[in-house]
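Please open the structure in a viewer and follow the stops below in order. Each stop names a selection and then describes what is found there.

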Amino acid sequence: MRPIRKSNYLRVLDRAKGGYVAYHKLFGNLSTLNDSSIRLLSAFDDSRTPAEYALLYAHYGDYLNAFHDMYYLVEEDLDERALHEQDLQRRQTRLRSGSYIGGVQLSVSDACNFACKYCFCDFVDARGDKRPELSAQKNKLMSFEVAQRTIDTLIATLSRNGRSSLVVKFFGREPLVNWRLMKRVMEHYGHGEDRGIHIAYALTTNGSLVRSDMAEILARYDVRTTVSVDGLADSNDGIRVSKKKGEPTFNMIDRGIRLLAEHGAVHALSGVVTDTNFDQFDSRIIDYAASLGIREVQVLLGMQGDFIRRIDPDTAAQKLFDIHQDGVKKGVAVTGYWNNAVVEVFSSRRLRRDRERIHGVVESCTATGHQISVEPSGDIFPCRAMSTHVGHIDDFDAMLKSAAYEHVVMRTYGNVSDCRGCPTEGFCQGECLGNLEEKRGDIYAVDEEYCAIYRKIYDKILAAA
């Protein structure tokens, strides 16, 4: 037996309710501990010889077995990062087969009836070589033929990799502009019953174009529908207006949300917070959602422009935390990029018997492997928010083998040098990669303004758990 010490990657936080929360910064294995457990772990601040370990084991064997199993205690010469590097090497080998892909973002419409001041599509379409070219094309709507080639290609890829489920997300500027295609796709594929695969559908919409017949079909196919609304009227209408007349949009969105809710066809609301509506966006959105039976609210920090640099990180983190805790009290999940690391650390583990780390959330940023995003032209990007062109649906195998695709998929947990040593290193994929493209010109960079907020909110939520 080799000398045993406390892991350099073990992190312990005080809990607001008393006691402590502990986790391994690369593997997870989150647990709550009491004072006695902390004292026992502290006995391994310096390495213990086999003889010293045996004496402690005689009294605390069950605890020491658990701490060793969770990598809280490790052999003196073990660097857990080497195990993590092996996971990354396996990932690099597997990605060529498309084994990580489980979803597709169909950008069914490049047209929209809103003119949101922060629209990420406007920003991304001005970047790179391919996005401006596609934006200039007259055809703004995806055809059924492109959608069919895409879904059939992914079904074949999933089958080849022994996977049995696919998420088809209707996306773009405003997907309901192309409702005819959405309806035809759902009617053609159903839930994949005839293809040996389960197909789940998702939709992100501004809600203003919803009709009763649409809501009924969305409910029938159990489409996970998210409606974008940036708070109540005083918060939303300052940054979201109609395209033709520049009119406020909250009432139009509210009508659509209520129509969807009547059919049980809305699952989440999604709101963006910028410098314009920071003061107005508050917990009222939680009450609004709860009153309609909606159990999730996504709160997204504005990525475009320099909004974040005009807000104090402590102020932003406190606002997010207050809204999050209000959601906890009222049974409404409050989510967002800033909360992804919390979800991941709560649900991921790697024990001694595990060959590799088991992720609770496979990809908190779906662009880094879980999905591809396909434009009306058939061109493939990792996400609608990114300008990195990786291929075309008519040559999917070439896309899987491309350096561009590998570069994106390997932008995963613990594979960004600037993240080394961060308390959230093993659980955070950072903010939107589209933002990093725009602000840093490198998706492997970090945006410290966002990182500061993410770290603060992470500790607040863990301490409150």
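In this tour, a residue is called buried when its relative accessible area is under 20%, exposed when it is over 50%, and partly exposed in between. The model on display is a predicted one.

Begin by selecting arginine 2, which counts as partly exposed because its relative accessibility is 45%.

Next, select glutamate 75 and arginine 352, whose side chains meet in a salt bridge of 3.1 Å, N to O. Glutamate 75 belongs to strand S5, while arginine 352 is in the loop between helix H13 (337–347) and strand S15 (371–374); the pair therefore ties together parts 277 residues apart in sequence. Is glutamate 75 buried or exposed? Glutamate 75 is buried, at 9% relative accessible area, whereas arginine 352 is partly exposed, at 26%.

Aspartate 14 has tyrosine 20 in S3 as its bridge partner. Five residues lie between the strands of this hairpin, where glycine 18 adopts a positive phi near 100 degrees.

Finally, select Asp110, Asp122, Asp125, Arg131, Lys140, Arg173, Glu375 and Arg384, which a network of salt bridges links. The structure holds 46 salt bridges.

Definitions and conventions:
Residues are numbered from 1 along each chain as its sequence is written. This is a predicted model: local features need pLDDT of at least 70, side-chain atom pairs count only at pLDDT 80 or more; totals for chains, interfaces and linings use all residues. Side-chain values use heavy atoms; hydrogens and water are left out. Two strands pair if DSSP finds at least two bridges between them. Helices (H or I, at least four residues) and strands (E, at least two) are DSSP runs, numbered from the N terminus. A salt bridge is a side-chain nitrogen of Lys or Arg within 4 Å of a carboxyl oxygen of Asp or Glu. Buried means under 20% relative accessible area, exposed over 50%, partly exposed in between (1.4 Å probe, protein chains only).
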